[in-house]
Amino acid sequence: MAQSNNSIKKILTVAFVLCIVCAVIVSTAAVALRPLQQRNVELDRKTNILEVADLYEPGMDIQTAFEKVTPRVVDLRSGEYTDQFDPATYDSFQAAKDPAQSRTLSGERDIAGLSRQEAYSTVYLVGNPDDPEQLILPIRGQGLWGLMRGYLSVQGDGNTIEGITFYSHAETPGLGGEVDNPNWKAQWQGKEVYDEQGDLVPAIELVKGGANESTEVDALSGATLTSRGVTNMLQFWLSPEGFGAYLAKFRSGVDQDDAEQADVELEAEGA
Ligand SMILES: Cc1cc2nc3c(=O)[nH]c(=O)nc-3n(C[C@H](O)[C@H](O)[C@H](O)COP(=O)(O)O)c2cc1C
């Protein structure tokens, strides 16, 4: 005799088969879509880098525009480039989790709230890699609700800021989320990281009301804690704990170039 539709055995069999079918569909979709997801993550990263460099235009071909950008891996301690890692695949977030490739940070040394920091990081050079127009540095640090991740673009003099962008954060829209407001971001262009030549301690900071022309940017209103997080992450990543040694090389290189140029001009005048 056929089993009734309400029999426990039949119900369990149908439920089991349905679970198996759904599990197979979901896993197949996850595996099949992974390359597409990875391509989109990569495209998003490149778009953010072009945006912070002020090279992005809606509808542009991102891969072609990104040909102007050269990624390099930097040893943060020495500030020198390394060929130990492939910049196309090196993942500084993974490196920060690996005790062999990172160090622990705590107390006053961890103003950005990172707990661990990678020894090597990827920077992006815009223009001629031997004499770049812009240096794009990855930055991250705690906001009010969680980790904020972004990029800071510094001009080839190693001091003047070109732009800032955050591609991932959990700050409240309208309060800390105003880090995404184009009007607020526009204030950063032309600000300086250090206020004196040879300084290793970054001066750039967010202040409430009356930011000066050089090293201050208006804090986000109603979002003191997010603003403090942004100041702290910049002061960390631009200090010798972060990209300080790397930027110092550009600043001294630019000085040397200026001195050589001045010598050439003097010689030309004397001739
Ligand atoms: C629902 C809610 C969301 C908030 N989100 C943020 C935020 O994203 N960033 C922030 O700094 N403060 C945020 N605050 C405000 C902080 O709790 C705190 O009051 C504020 O940072 C103080 O800044 P003020 O001195 O500029 O008012 C939020 C408050 C509430 C109630």
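This is a predicted model: local features need pLDDT of at least 70, side-chain atom pairs count only at pLDDT 80 or more; totals for chains, interfaces and linings use all residues.

Reader: Why is Asp-54 called partly exposed?

Author: Asp-54 has 13 C-beta neighbours inside 10 Å. A residue is exposed at 12 or fewer and buried at 20 or more, so Asp-54 falls in between and counts as partly exposed. Asp-54 is placed in the loop between helix H1 (8-52) and helix H2 (62-65).

Reader: What makes Ser-115 exposed?

Author: The count for Ser-115 is 12 C-beta neighbours inside 10 Å. Because the limit for exposed is 12 or fewer, Ser-115 counts as exposed. Ser-115 belongs to the loop between strand E3 (102-104) and strand E4 (116-118).

Reader: What makes the phi of Asp-54 and of Ser-115 worth noting?

Author: Most residues other than glycine have a negative phi. Asp-54 is not a glycine, yet its phi is positive, about 60°. Ser-115, also not a glycine, has a positive phi of about 70°.

Reader: How do you know that strands E6 and E7 pair?

Author: Pairing requires at least two bridges. Strand E6 (residues 134-142) and strand E7 (residues 147-155) have nine bridges, in the antiparallel sense, so the two strands pair. E6 and E7 form a hairpin with four residues between them, and Ile-139 has Gly-150 in E7 as its bridge partner.

Reader: What makes E7 and E8 a pair as well?

Author: Six bridges join E7 to strand E8 (residues 161-168), and the strands run antiparallel. Tyr-151 has Thr-165 in E8 as its bridge partner.

Methods:
Residues are numbered from 1 along each chain as its sequence is written.
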